Amino acid sequence: MSIRDWPVNERPREKLLANGAHSLSDAELLAVLVGGSGRRGQDAVAAARALLGRHQSLRGLLSAQRHHTLSTPATLSTPAAPGLGTVGYCRLQAAVELARRHYAEALRTGPPLDSPQATRDFLIRRLRDSPHELFCCLHLDNRHRLIAFDELFRGTIDGASVHPREVVKQALARNAAAVILAHNHPSGVAEPSQADELVTRRLREALQLVDIRVLDHMIVADNGCLSFAERGLM
């Protein structure tokens, strides 16, 4: 049955207008966003459901490009999951990026990042699905509001790869009063290593020389987000 044959109140777009976006399933939301770009005779919701099934979950689909499994729009086309096509692919990527920017903007204008939970929520969205180990800094003003989120290093996070001079240089350039350090563990376990603790001490000592406080160091992994401050490691 084509989506045109559905009762009006069951079509995703009309359902969204009547009941709100929260009432739609993942497949229905995806269908509204990218439209019926699947092959002829298959409605948009079925195509979206097949695409979600191919990637096992909504998170799997949205993070696929970051893992280089969606390197081109053409890779979204298979007999089992009709492709989004170039237009649908671009809409999906634009929607994800808009969501990221919306969340970052809300942090800059919203309440201070003065609790591990507020920081945890932000970092999970930014780092959890990265296939690479990233070392980042959240630069904060004197009221602990976000000035900028900067990725500083990529690769193995240890004393040889994280340079205190570069961290201090960027913090001064951002005119930060405080920073929160963060990196991810693609292995999936948010437990600090000896190297993590050593890097934290070195950076805190370097930043203290220019009167910039290190409020926390957080590790993001698939099983959660660990706070050095909550662990008593700061």
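These entries record what I looked up in a predicted model of one protein chain.

**Overall make-up.** I began with the secondary structure and found nine helices and five strands. Following the sequence, I noted the order α-α-α-α-α-α-β-β-α-β-α-β-β-α. I then checked burial: the chain has 234 residues, and 40% of them count as buried. The exposed surface comes to about 12500 Å², with 51% supplied by carbon and sulfur atoms. Among contacts with a separation of 6 or more, I found that 61% join residues 24 or more positions apart.

I looked up Lys15 and Glu28, whose closest N and O atoms are 3.3 Å apart. Lys15 belongs to helix α1 (residues 12–19) and Glu28 to helix α2 (residues 26–34), so the pair ties together parts 13 residues apart in sequence. Glu28 has 11% relative accessibility and counts as buried.

I turned next to Arg120 and Glu230, which form a salt bridge with closest N and O atoms 2.9 Å apart. Since Arg120 lies in helix α6 (residues 116–127) and Glu230 in helix α9 (residues 228–231), this pair ties together parts 110 residues apart in sequence. Arg120 is buried at 12% relative accessibility, whereas Glu230 is exposed at 52%.

Arg174 sits in the loop between α7 (164–173) and β3 (178–184) and Asp150 in strand β2 (residues 146–154), so the bridge ties together parts 24 residues apart in sequence. I recorded Arg174 as partly exposed at 33% relative accessibility and Asp150 as buried, with a relative accessible area of 10%.

Key: Residues numbered from 1 in each chain as written. Predicted model: local features only at pLDDT ≥ 70, side-chain atom pairs only at ≥ 80, totals over all residues. Heavy atoms only, no water. Helix = DSSP H or I, 4+ residues; strand = E, 2+ residues; numbered from the N terminus. Buried < 20%, exposed > 50% of the residue type's maximum accessible area, 1.4 Å probe, protein only. Contact = heavy atoms within 4.5 Å. Areas by Shrake-Rupley, 256 points an atom, 1.4 Å probe, with all protein chains shown as cover. Salt bridge = Lys/Arg side-chain N within 4 Å of Asp/Glu carboxyl O.
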